[in-house]
Amino acid sequence: MEDITHPPMEQLQDLEYCIDSNPSWAETILLAFQNYILMLGTNVMIPSLIVPAMGGDNGDKARVIQTLLFVAGLNTLLQALFGTRLPAVVGGSFAYVVPIAYIVGDSSLQRITDSHERFLHTMRAIQGALIVASSIQIILGYSQVWGLLSRFFSPLGMAPVVGLVGLGLFQRGFPVLGECVEIGLPMLILVIGSSQYLKHVRLFRDLPIFERFPVLICGTIVWIYSVILTASGAYRHKPIKTQLSCRTDRANLITTAPWFKFPYPLQWGPPTFSAGHSFAMMAAVFVSMVESTGAYKAAARLAIATPPPAYVLSRGIGWQGIGVLLNGLFGTTTGATVAVENVGLLGLTRVGSRRVVQISAGFMIFFSTLGKFGAVFASIPIPIFAALYCILFGLVASVGLSFLQFTNMNSMRNLIITGLSLFLGLSIPQFFNEYWNPTRRGLVHSNAGWFNAIMNTIFSSPVTVSLAVAVFLDNTLEVEKSKKDRGMPWWVKFRTFRGDNRNEEFYTLPFNLNRFFPPT
């Protein structure tokens, strides 16, 4: 027992920069650009999946990607300044794919014969649904209801939830990497090698460049390699799926993107509103709230901050609701959520600085208006991002499991809750996903399409299923005599803003705004 040297720790110590400490300006700018490059993967994939189904062409897809990046920059900046103030990138979300597929398949829209007209009308329907659904998140956030619900969360309940924020995205890791293994696998090996085995190599001014910039260094090498493969004709006679995954010129983003385009609200025309569409979209908003809550918990730990108090969590959810509203007004085809891969990057680079994320928001806005330049970076093959996801999603999952250090894992009660919530959190969504595709519309297929979309959206989310199981069991099984085993003595002081002196350091609003919005 005398040899045990790793007692439970409220804050991680193995990071170079915490939430309110900053690297040099040159290092900060490079780190911010690295965050921008990383978030491109998801924010290019979503429009690439949805826009063709809506009837849009390559020009429409390029414009939607620009708009999504622009709004992601705004949402990230607002969240880092006025929301949770954590170093979290807020981008597009796959949680919205099911209700959007329901809207795309609406018979009234499918009857439109002209493809571009169908794209515009579908976009306006999606915008209307997002605008209405955002009100749920705004109300739950600013009314502090979400914060009140978070008081039922314990370290035991949050461990599987945050764990599945990473593990639940396993299908976007190696299965996507394997679509072009000659690009994805070298990227995976290079990132692991440079960030872990070469992390102590310091070539410039005592800076560990391989640990700080693995995405930029390895991404550039593999990207050039993929350009050479494309130019040499290696994929000329390959199947279409392989060409789409491997080639650097198949997305047609560079040729179709305008040189300069400034996104603006209602650029696709006035939104249209439908009760069924709005109800379906509310399910995606709820799922994204749950997933973002887990991501905020992970981001706080990787930024060496205290767990966000209920008041701060509600504030962040409220601002995220405003982000969904902006997504609806601008027309991005999806809502807002925390980018899990960028949360993982905090740990990989050991830099949890808020300033880095704020500047990365500036890159998102800047390159989204300069279409050609942004399209060059957006043409990076997706398997390169998938290789990064294998590492970063796994890192976030391990952060979730680290919450178990505050619980008694010699308790059979705790073992059952943890195991059941992890297993069902993976198993139930997998079952639902096997039945879902854009034509069959999922396991639940009643005559009410909006109801089908709601059920399929909720039960296709590993984090949402895990939260429901973990929180229910944790708050109903031997609650009173298990307070210490659940980790509540450690958690309770972080429930309120003034419960711990460090909260003020990490979460106080800028510009002395706490005078007008006093924390509770």
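Me: How much of helix α16 is covered, and which residues does the helix span?
Reply: Helix α16 covers residues 340-349 and is mostly covered, with 10 of its 10 residues buried. Buried means under 20% relative accessible area, exposed means over 50%, and partly exposed lies in between, using a 1.4 Å probe and protein chains only. Helices (H or I, at least four residues) and strands (E, at least two) are DSSP runs, numbered from the N terminus.

Me: Where do these values come from?
Reply: The model is predicted, so local features need pLDDT of at least 70 and side-chain atom pairs count only at pLDDT 80 or more, while totals for chains, interfaces and linings use all residues. Residues are numbered from 1 along each chain as its sequence is written, and side-chain values use heavy atoms, with hydrogens and water left out.

Me: Which residues of α16 are the buried ones?
Reply: They include Val340, Glu341, Asn342 and Thr349.

Me: What happens just after α16?
Reply: Arginine 350 takes a positive phi of about 60° there, although arginine 350 is not a glycine. It sits in the loop between α16 and α17 (354-369). With 16% relative accessibility, arginine 350 counts as buried.

Me: Which other residue has a positive phi, near 70°?
Reply: Glutamine 144 has that value, and it is a residue other than glycine. Glutamine 144 belongs to the loop between α5 and α6 (145-149). At 23% relative accessibility, glutamine 144 is partly exposed.

Me: Changing topic, how many salt bridges are there?
Reply: The count comes to 8 salt bridges. A salt bridge here is a side-chain nitrogen of Lys or Arg within 4 Å of a carboxyl oxygen of Asp or Glu.

Me: Which residue does arginine 212 meet at 2.7 Å?
Reply: Arginine 212 meets glutamate 27 in a salt bridge, with 2.7 Å from N to O. Arginine 212 lies in helix α10 (residues 209-212) and glutamate 27 in helix α1 (residues 25-54), so the pair ties together parts that are 185 residues apart in sequence.

Me: What about arginine 202, which residue is its partner?
Reply: Arginine 202 forms a salt bridge with aspartate 206, the closest N and O atoms being 3.8 Å apart. Arginine 202 is partly exposed at 39% relative accessibility, whereas aspartate 206 is exposed at 58%.

Me: And the helix packing: at what angle do α9 and α19 pack?
Reply: Helix α9 (residues 181-197) and helix α19 (residues 382-401) pack at about 40°, with their axes 8 Å apart. Axes are lines fitted to C-alpha atoms, for helices over the stretch in contact, and angles run from 0 to 180 degrees between N-to-C directions. That makes α9 oblique to α19; angles under 35 degrees count as roughly parallel, over 145 as roughly antiparallel, 65 to 115 as roughly perpendicular and the rest as oblique.

Me: Which residues make that contact?
Reply: Among them are Ile183, Met187 and Val191 of α9 and Pro383, Ala387 and Ile391 of α19. Contact means heavy atoms within 4.5 Å.
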